[in-house]
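Biologist: I am new to this structure. Can you show me how to read its features?

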Amino acid sequence: MAAGLVPIAHGNDGLGSIRVPAAACGVFGIKPGRHVVPARIGADSWGGLAENGVLATTVSDAALALSVLAGRSDLAEVRRPQRLRIGLAVAPPSRLVRMDRHWTAAARTAGARAAVAGHEVQPVELPYGDAALLMLLRWPSAGLADADALTHPELLEERTRRHLAIGRTIRRLRLVRPGQIDRTEGRLLEFFEDFDVVITPTLAARPPRARQWSKRGWAANVVSSVRYAPFTGLWNLLGWPAASLPMGIHPEAHTPLAAQLVGQPGSEAVLLGLAAQLEMSN
């Protein structure tokens, strides 16, 4: 789709797999909130993390496709939103993540454009708390139901088998509990009482170089992923809608930049409307 062969494409997103490639390829991508589009991905939709969504060359095309997936004609009508209260949150969920300043600037650019469009924008710090740890704990165990259904699991790559083994250990030790997400969502619901949308960078760094990552160790893959895309997974844990919008070109890597737009459950139309406004000012 990024090559211009098709205008829209279906995708699914378990910890960012619509928004991350959309950001890397300079296209728009949206992951709807939970229950907006039927998931039914694999055995259990990656433990409830994964959603079906859309990638598109324009916001209006994405809105049309999402309306079809959701069976809701209203989502196809991209409307200018009323004056929004927007938080600009550029700090990553973990202090262990080093931000590429150009990705920080991409989010700031989106915030500046939103302000020019008439919205109230202010710098904020999201109450991430231990969200980064919760994502790391759920990632290895998310695919266990799918792996258990395989006829020949021994054919999986070594790093995948290691990933699943760690997931089984996490599950056996009961390190993943529903109450953890409830507390995180409670903090964010309280935060969003004062904001309609939050803008973050979509990624923290330029895409990693093409290498034989399947031949590298599990830890190397995890570290690379965490450093590269720490902003997207939280919204899968919560089941909230989030989108990635192109926001220029990295002046050194010459790869696309993007900003992430996030809202509470039910805010898909608001995110599409705001994205369309920012798209027009690009």
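Modeller: Start with a charge and a ring. This is a predicted model. In it, R216 lies over the face of W213, at 4.7 Å from the ring centre.

Biologist: How many aromatic pairs does a search of the whole structure find?

Modeller: Four.

Biologist: How do I describe one?

Modeller: A pair of aromatic rings is described by two things, the distance of the centres and the angle of the planes. Take F192 and W240: their ring centres are 5.3 Å apart and their planes stand at 85 degrees, so this pair is edge-to-face. Over 60 degrees counts as edge-to-face.

Biologist: Where in the chain do F192 and W240 sit?

Modeller: In distant parts, 48 residues apart. F192 is in the loop between α8 (178-191) and β6 (197-201). W240 is in the loop between α10 (234-238) and β7 (242-249).

Biologist: Are F192 and W240 buried or exposed?

Modeller: Both are buried. They also belong to one aromatic cluster, together with F191, F195 and W235.

Biologist: Which residues have the most contacts inside the largest nonpolar core?

Modeller: F28, I199, L261 and L274, in a core of 42 residues. Apart from that core lies another, of 26 residues, with W240 and F195 among them. Beyond its neighbours within four places in sequence, L261 is in contact with residues including V197, I199, P241 and L274.

Biologist: And what does Q122 touch, not counting residues up to four places away in sequence?

Modeller: I86, G87, L88 and F195. Q122 lies in strand β5 (residues 120-123). Q122 is partly exposed, at a relative accessible area of 34%.

Conventions:
Residues are numbered from 1 along each chain as its sequence is written. This is a predicted model: local features need pLDDT of at least 70, side-chain atom pairs count only at pLDDT 80 or more; totals for chains, interfaces and linings use all residues. Side-chain values use heavy atoms; hydrogens and water are left out. Rings of Phe, Tyr and Trp (its six-membered ring) pair if their centres lie within 6.5 Å; planes under 30 degrees apart count as stacked, over 60 as edge-to-face and the rest as tilted. Helices (H or I, at least four residues) and strands (E, at least two) are DSSP runs, numbered from the N terminus. Buried means under 20% relative accessible area, exposed over 50%, partly exposed in between (1.4 Å probe, protein chains only). A charge sits over a ring if NZ of Lys or CZ of Arg is within 6 Å of the ring centre and within 35 degrees of the ring normal. A nonpolar core is a set of buried Ala, Val, Leu, Ile, Met, Phe, Trp, Tyr and Cys residues joined through side-chain atoms within 4.5 Å. Contact means heavy atoms within 4.5 Å.
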